[in-house]
Every structure is written in structure tokens, then in C-alpha cells.
Amino acid sequence: MDLSFSKEEMAFREEVRAFFRDHVPAETRRKLVEGRHLSKDEMVAWWRILNKKGWGVSHWPKEYGGTGWTSVQHYIFNEELQMHPAPAPLAFGVSMVGPVIYTFGNEKQKQQYLPRIANVDDWWCQGFSEPGSGSDLASLKTKAERKGDKYIINGQKTWTTLAQYADMIFCLCRTDTSAKKQMGISFIVFDMKSKGVTVRPIQTIDGGHEVNEVFLDDVEVPVENLIGEENKGWDYAKFLLGNERTGIARVGVSKERIRRIKELASKVESGGKPVIEDQKFREKLAEVEIELKALELTQLRVVADEGKHGKGKPNPASSVLKIKGSEIQQATTELLMEVIGPFAAPYDIHGDDGSNETMDWTAQIAPSYFNNRKVSIYGGSNEIQRNIITKAVLGL
Amino acid sequence: MDFDLSEEQRLLKESVDGLLGSSYDFDSRKKYMAEKGGWSKTVWGKLAEQGLLGLPFSEEDGGFGAGATEIGIVMEAMGRALVIEPYLATVVISGGFLRHGGSAEQKAQYVPAIIDGSKTFAFAQLEKNSRYDLQDVATTAKKKGSGWVIDGEKFVVLNGEGADTLIVTARTKGGQRDAQGIGVFLVPANAKGVTKKGYPTQDGLHAADISFTGVEVGADAAIGDPENGLALIERVVDEARTAICAEAVGIMDESLKTTVEYLKTRKQFGVPIGSFQTLQHRAADMFVAVEQARSMSMFATMANDVDNAKERATAVAAAKVQIGKSGKFVGQQSIQLHGGIGMTMEAKIGHYFKRLTMIENSFGDTDYHLRRVTNAGGLV
């Protein structure tokens with residue numbers, strides 16, 4: 001057992017850290033620190049800087065623009081990115097549809113889509129969830145009927161993150177209604193400007209607009225937009241969801257937020273002294289820090305295992321990452337609420353458009369707390385994660 | 001970075017698991033408890049034969065020069081088997097004082113008898129009012145000629161009744177809670193003025209309350225600097241804490257396995273109770289708690305190799321917090337999911353719970369260590 005990073009790995013960390021320090025736009029960083037939403041242009045500008053450096057799709061195979069880094073290097077890169085903080089690459093393109101296309105797509109699809117994903121020439125969104133199909137995703141009803149060289153798609157998708165910015169969508173559609181529910185699903189991609197696609201915003205409890213409903217009415221899609229084989233879409237979806245195991249713990253995000261808590265808690269006073277000097281508050285914070293350290297090590301165990309034995313058979317501990325990672329993220333936003341106390345209340349009516357520079361740091365704390373309730377719901381709710389542990393690890 | 005065991009460590013694990021697997025099932029444990037002194041001399045002899053009693057000592061001292069990882073492997077296995085023999089008291093703690101603070105003469109005199117299994121030791125530290133504070137020492141050691149006279153009372157000394165030699169913390173100068181002026185002394189258990197009252201503990205071990213009345217020892221009884229022993233005590237106790245963290249991981253892992261097995265076999269309403277989602281999710285949460293504990297046990301193990309005492313202490317304290325929280329949850333839920341049978345003395349699961357509970361209250365509980373992590377400024 002040797003749990004220290006090698007000299008080369010430490011040097012790599014320095015290189016990555018220096019790059020973020022020198023290249024992440026200051027305004028982008030400030031907004032992230034304050035928990036504000038970024039504009040589309042701000043995000044795309046940063047991703048293109050990253051892509052120019054060759055780090056836009058770091059975990060892809062080298063032939064498609066990846067870096068060939070080790071598991072540990074990927075871990076370090078993600079941690080530094082989250083701690084800086086800087087926006088993570090657009091998961092829907094880079095982590096989700098990209099790997100499906102280079103693994104199951106044909107040559108033409110690879111050439112057509114992969115470089116545009118890497119440079120975010122296309123902004124991708126995910127058409128999985130439906131109003132009646134959340135945790136029970138395989139019950140989805142959106143239908144793609146083959147007519148000649150086209151699919152005619154009808155149905156409704158929901159919780160579609162940042163669909164308002166999207167150029168492309170990857171969609172799970174039912175192509176065989178007679179088959180058992182997982183068997184008749186296909187993985188189809190299409191242009192969001194297609195006739196019959198309507199995007200409607202959903203406002204979430206933080207007041208923000210991250211997610212949308214997407215209505216699909218007789219949308220015509222060329223059959224060459226099918227990825228892989230017809231009726232095999234469920235396998236690709238499972239592949240996609242299992243692909244990003246270790247990033248999900250978001251250890252770096254929580255570390256950054258704990259630093260922020262310490263910084264703010266030394267400014268805000270309670271009973272004539274900074275909140276950070278309150279023993280009870282400090283102990284609560286330390287408790288979260290200990291949970292986070294444990295999670296970090298659990299994640300490193302999974303990373304080290306992947307490096308050694310490949311991704312084929314994930315370390316059982318990987319199931320812990322989503323549950324604990326989301327609980328800790330939520331705990332940190334709760335501690336921020338405690339720090340600001342009664343000043344959590346004022347509603348920042350200008351908060352989301354980035355135009356108001358006069359609002360101070362208190363404005364986003366309650367929205368960020370509200371918004372973070374999502375992390376134990378999305379990506380397979382924590383209850384679904386427990387089902388997975390029950391079946392896959394405990395064999396119950 | 002590598003979390004895998006080396007070839008030698010893997011072989012060690014196999015041999016410990018093999019030994020305890022064959023000689024330490026639950027029924028044998030009951031027989032060992034009934035033996036004179038409350039544990040098995042035969043098992044102790046086997047541990048010596050396999051070299052486990054000499055594991056952490058240097059090769060010059062006749063040992064194997066093993067580190068915290070190897071001790072962790074042994075302790076985890078001992079946790080699984082609920083071993084009651086005095087390994088922690090003799091090898092980990094007393095051995096630790098001799099390794100880190102002992103003179104060449106002291107090592108030559110005491111270490112061979114630990115390694116060959118002929119002598120056992122005990123660490124007499126806890127006092128009536130000291131609770132978890134290692135620098136709270138009222139027992140005194142006063143200079144007399146070239147030697148020392150020890151007076152005071154020590155409590156819940158593990159293996160205190162059966163030990164041949166006691167390692168005693170005593171104040172050589174200063175006030176009761178001063179960091180300076182604490183010494184560590186080797187005292188023969190049969191020395192004049194030593195009175196022991198032995199008893200079994202809640203988790204099946206044996207301990208004693210020991211009073212020292214005018215106990216005279218020579219100058220050679222002091223381990224290290226008799227006026228400045230706190231750093232040594234903290235180091236050794238951190239090793240003990242790390243060891244019981246590993247032991248607790250073994251216990252939790254085995255408790256979870258046993259409980260999952262029970263959920264698969266116990267039927268109610270015509271089906272295995274493991275088919276009920278409430279119980280499934282409880283078991284899943286137990287799994288999460290065990291894995292987080294395992295990670296922090298590794299963190300503590302790593303920290304024992306760190307030269308910076310403050311960094312080591314904070315890491316070990318953090319691990320003890322996680323083990324305390326995970327241990328309480330896993331222990332209590334193991335009983336809950338077993339239902340009535342978990343309440344009985346004849347089922348092993350309750351004994352796991354009892355040992356986990358006693359580990360929580362050994363060498364600082366969750367609140368105590370949380371305060372230490374807090375006062376050190378946290379981990380981030």
C-alpha cells in the first residue's frame with residue numbers, strides 16, 4: 001500500500017493548476033465561487049480554451065483527441081478543475097454522447113460529431129427522462145416510427161438540462177412497441193432546430209432556468225442518425241450512465257465550498273465574534289470535512305482500481321460515491337445557510353442575468369441551497385443507488 | 001498511489017486469516033474465555049509460532065520490521081474473529097513503547113519474551129478523572145536514590161490482571177494536567193505495593209483496576225525521558241487508535257456479511273426478509289458506512305508513517321470519528337435487522353456490536369476526537 005502521489009503526478013498537478021490559474025477568465029471563476037449561473041458564451045469560451053490546450057475531451061481515446069492520461073491524472077485534473085473552480089466540460093457532449101458515438105457509432109458519425117463535440121460547436125442535451133419515466137426510465141414512451149429513410153418521432157422529454165442552448169439532442173425512443181420494455185429502445189440523435197421540436201422552460205425552486213420540457217411532434221429524423229443498432233439503445237444508455245463513475249463524487253467542488261464557508265464564516269459575526277469561532281459550528285464543519293476525506297479516499301480506491309484492473313468490473317465502493325458525494329454537497333450548502341443566517345432571505349431579482357454586479361455574496365446562498373437538493377435526485381436518485389448496492393453488491 | 005497489498009502483505013493476510021479461520025470460530029472463542037485468565041495460551045503460542053507477536057519489532061530486535069499496514073491486517077482479522085488474546089496491550093501498545101522509546105538494554109530485556117509469547121504486558125494509563133486526556137496524570141513517580149517510587153491508581157487496564165509487566169504513566173513533576181513532567185515506567189506486575197482487582201469487560205476481554213502504593217523501581221525502569229514522555233505516549237496511543245480502527249473495520253465488515261446472510265435466509269410473510277426494500281436500503285447504508293470507515297482506517301494507517309506529529313494526530317483523530325460513527329450505525333443496525341435473535345447472547349452478532357461499542361469508548365470517543373480535528377483547523 002502506498003497512498004502518496006508520485007513525483008510525476010505532483011508535477012502534473014502543478015501544471016494543471018498553473019494552467020487554470022492563467023487561463024480561466026476571472027469573471028467566470030468569480031461567478032462560480034458565488035454560485036451564480038454562467039452565460040452560454042462564458043461557458044463555451046472556456047471550453048474552447050480547454051480544447052485548444054488539448055484537454056477538452058481528456059478521457060477520450062487518443063485517436064479521437066484524448067490525452068492518454070492515467071486514472072490518477074484524470075482524478076487530479078478533475079479535482080483541480082473543481083477546486084479552482086472552473087466549469088467542467090459539458091457532460092452531455094463530452095462524457096455521455098461522445099463515448100457512445102466513438103464506441104457504437106459508424107465512421108461517418110464519428111467524423112461528423114466528435115470534433116464538434118470537443119470544440120462545443122454543437123451544444124448537446126440529453127433526451128432521456130419523460131413525465132412518466134423517471135427512475136423507471138425503461139418505461140419511456142416517446143416513439144420513433146420508421147417511414148422510408150426517416151424516423152417520425154413523437155413524445156415528450158423532460159428535465160432536459162440547458163436545452164435552451166442546445167444544438168443537438170441524443171434521445172432514447174421506442175422503436176419496437178411489442179418488445180419487452182428494455183428491448184425496444186433506440187438511441188437517436190437529431191438537430192434541435194428540426195421542425196416539431198418545442199422547448200419550454202421549467203423554473204426550479206431556486207428561481208433558475210436550468211431544465212426544460214422538450215415536446216416532439218412529428219419530428220422527422222434521417223435514419224442515419226440512429227447510433228449503433230436499432231433496439232439496442234438501452235445497452236448504450238447503460239454504458240453511458242456507467243461511464244462517469246468517479247467524477248460524480250465531486251470532491252473538489254465540496255473542498256472549494258468548504259474553503260468558501262471558512263472564508264465567509266470568518267467575516268460574518270454572531271454574538272460579537274466571527275461565526276467560525278463558534279465551537280458548535282466548527283464541529284459541524286469538521287464533521288463534514290471528515291466525511292469528505294473519507295469520500296476522497298474511497299474515490300481514490302476506485303480510481304487506483306480502475307488504473308490497475310480497467311473499468312470492466314468496478315470496485316464495489318464506487319456505489320458509495322454518488323450517495324455520499326451528494327450528501328456532502330448538500331451539507332456544505334446547508335452550512336453556508338447557517339453562516340449567513342437572516343440575510344439568506346433577500347431575493348436577488350437580478351441574479352441570473354449576470355448584469356448586476358452590485359449584489360454582494362449573500363444573494364446566491366439560499367438559491368444554491370435550494371438548487372443543490374437536486375444532486376440526490378438526478379443521475380439515479382440516492383434511493384435508486386441503494387437499490388443498485390442491494391442488488392449488485394449485497395446480492396439481496 | 002497503490003491501495004493493493006504487496007505480495008508479502010497478501011501472504012501475511014492469508015496466513016492470519018488461515019490461522020484464525022481454523023482455530024477461532026465462535027464456539028472456540030467461548031472455550032477460550034472460560035480458560036484461566038480468560039484467554040487461550042494455546043492460541044497465543046500459535047500467534048508466536050507464526051511470527052505475529054514479533055511483527056512490528058525491528059530485525060535487530062528479533063522481529064520482522066513490519067509497519068502499520070501489517071498491524072492493520074492482523075487487527076482487521078482479529079476483529080473478524082473477535083480475538084480476546086492480549087495482542088493490542090502486549091504487542092501494539094507495550095511493544096510500541098519499547099520500539100519508540102526503549103533503550104537497547106530495555107529492548108534486550110523485554111522484547112524477546114514478547115516475541116516468543118512467554119510474557120504479556122499491559123498499559124496502565126487511565127485514571128479516575130483523566131477520561132481521554134493523555135496528559136491528565138495524577139499518579140506520581142518520585143525520585144528516590146537513583147530510582148523511582150510510584151503512587152497512584154489506574155483503571156480499566158486491559159490485560160492488567162494477567163500481565164507480567166505493566167507500563168505505567170506517572171507524573172515526575174508539575175501539576176495534574178501539565179504537558180511536561182510525565183514519565184513512562186516499566187513495573188513488574190508482582191512488585192511490592194502493586195494491588196490488582198481483575199474483572200471481565202463487556203466485550204469479553206479482561207481488565208483490572210490497579211493501585212500502586214510506594215512501588216519502588218530502579219532508574220532503568222523509565223522508558224525515554226521521565227520528565228518528557230507525553231510525545232511518546234501520544235505516538236504509541238495513536239498507533240493503538242489506528243489498530244483498533246482496523247479491528248473495527250474487520251468487525252463491521254463481518255457484521256454486514258452476517259446480517260446480509262441473515263436477510264437472505266430468514267423468512268417472514270412467506271418470503272426472505274431481504275426482499276423488503278426498507279431492510280435492503282438499511283443494509284445498503286451499512287455498506288456505505290463500512291466503506292467510508294475502511295477508507296479512513298487506511299488514512300490513519302498512512303498517517304502513522306508521517307513524521308509530523310500534529311498531522312498524524314489529526315488524521316488518526318479523524319479516522320476515529322468516522323469509525324465511531326460508522327461503528328455505531330453498523331453495530332446497532334446489525335442487531336435491528338437480526339430482530340430478536342440479535343438480542344441473544346448465543347448469536348455472534350451481538351458480540352460484534354459489544355466490541356464495536358467498547359472501541360468507541362477507548363482512547364477517545366467520537367466527540368473527543370471531533371473536537372481535536374476541529375481545534376486543529378479541520379482537514380481541508
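This is a predicted model: local features need pLDDT of at least 70, side-chain atom pairs count only at pLDDT 80 or more; totals for chains, interfaces and linings use all residues.
Residues are numbered from 1 along each chain as its sequence is written, and chains are lettered from A and ligands numbered from 1 in the order in which they are written.

Let's start where the chains meet.

Now for the inside. In soluble globular proteins, nonpolar side chains tend to be buried together. In this model the largest nonpolar core has 209 residues. A nonpolar core means a set of buried Ala, Val, Leu, Ile, Met, Phe, Trp, Tyr and Cys residues joined through C-beta atoms within 7 Å. Buried means that 20 or more other C-beta atoms lie within 10 Å of a residue's own, exposed means 12 or fewer, and partly exposed is in between, with C-beta atoms placed from the backbone. The residues with the most contacts inside this core are A:Trp124, A:Ile188, B:Ile150, B:Phe185, B:Ala248 and B:Ala283, and its largest share, 17 residues, comes from α7(B). Take B:Phe185: leaving out residues up to four places away in sequence, B:Phe185 touches B:Ala141, B:Trp148, B:Ile150, B:Val168, B:Ala170, B:Val217, B:Ala221 and B:Ala222.

Staying with α7(B), look at how α4 (residues 68-81) of chain B packs on it: the two axes come within 7 Å and cross at roughly 40°. Axes are lines fitted to C-alpha atoms, for helices over the stretch in contact, and angles run from 0 to 180 degrees between N-to-C directions. That angle makes α4(B) oblique to α7(B); under 35 degrees would be roughly parallel, over 145 roughly antiparallel, 65 to 115 roughly perpendicular, and the rest are oblique. Among the residues making this contact are B:Ile71 and B:Met75 of α4(B) and B:Ala246 and B:Ala248 of α7(B). The contact divides into 10 nonpolar, 4 polar and 5 charged residues.

Over in chain A, α8 (residues 251-265) and α10 (residues 318-340) pack at about 10° with their axes 10 Å apart, which makes α8(A) roughly parallel to α10(A). On the α8(A) side, the residues include A:Ile258 and A:Ile261, and these meet a set in α10(A) that includes A:Leu335 and A:Leu336. By class, this contact has 9 nonpolar, 3 polar and 1 charged.

A:Leu336 also turns up beside A:Ile365, which has A:Gly35, A:Met337, A:Ile340 and A:Ala344 among its other contacts beyond four places in sequence. A:Ile365 sits in α11 (residues 365-371) of chain A and is buried, with 22 other C-beta atoms within 10 Å.

A:Gly307, in α9 (residues 279-309) of chain A, is partly exposed because it has 17 C-beta neighbours inside 10 Å. The C-alpha atoms of A:Gly307 and A:Ser71 are 236 residues apart along the chain but separated by 5.2 Å.

Finally, some backbone details. A cis peptide bond, with omega about -15°, joins A:His84 and A:Pro85, and A:Pro85 is in the loop between α4 (71-83) and α5 (91-104) of chain A. B:Asn159 is not a glycine, yet has a positive phi of about 60°; this residue is in the loop between β3 (147-158) and β4 (165-171) of chain B. Buried or exposed, which is B:Asn159? B:Asn159 counts as buried, with 29 C-beta neighbours inside 10 Å. B:Phe269 has a positive phi too, of about 55°, but is exposed, with 8 other C-beta atoms within 10 Å.

How values were computed
Helices (H or I, at least four residues) and strands (E, at least two) are DSSP runs, numbered from the N terminus. Two residues are in contact if their C-beta atoms, placed from the backbone, lie within 7 Å. Ala, Val, Leu, Ile, Met, Phe, Trp, Tyr, Cys and Pro count as nonpolar, Asp, Glu, Lys and Arg as charged, and the others, Gly among them, as polar.
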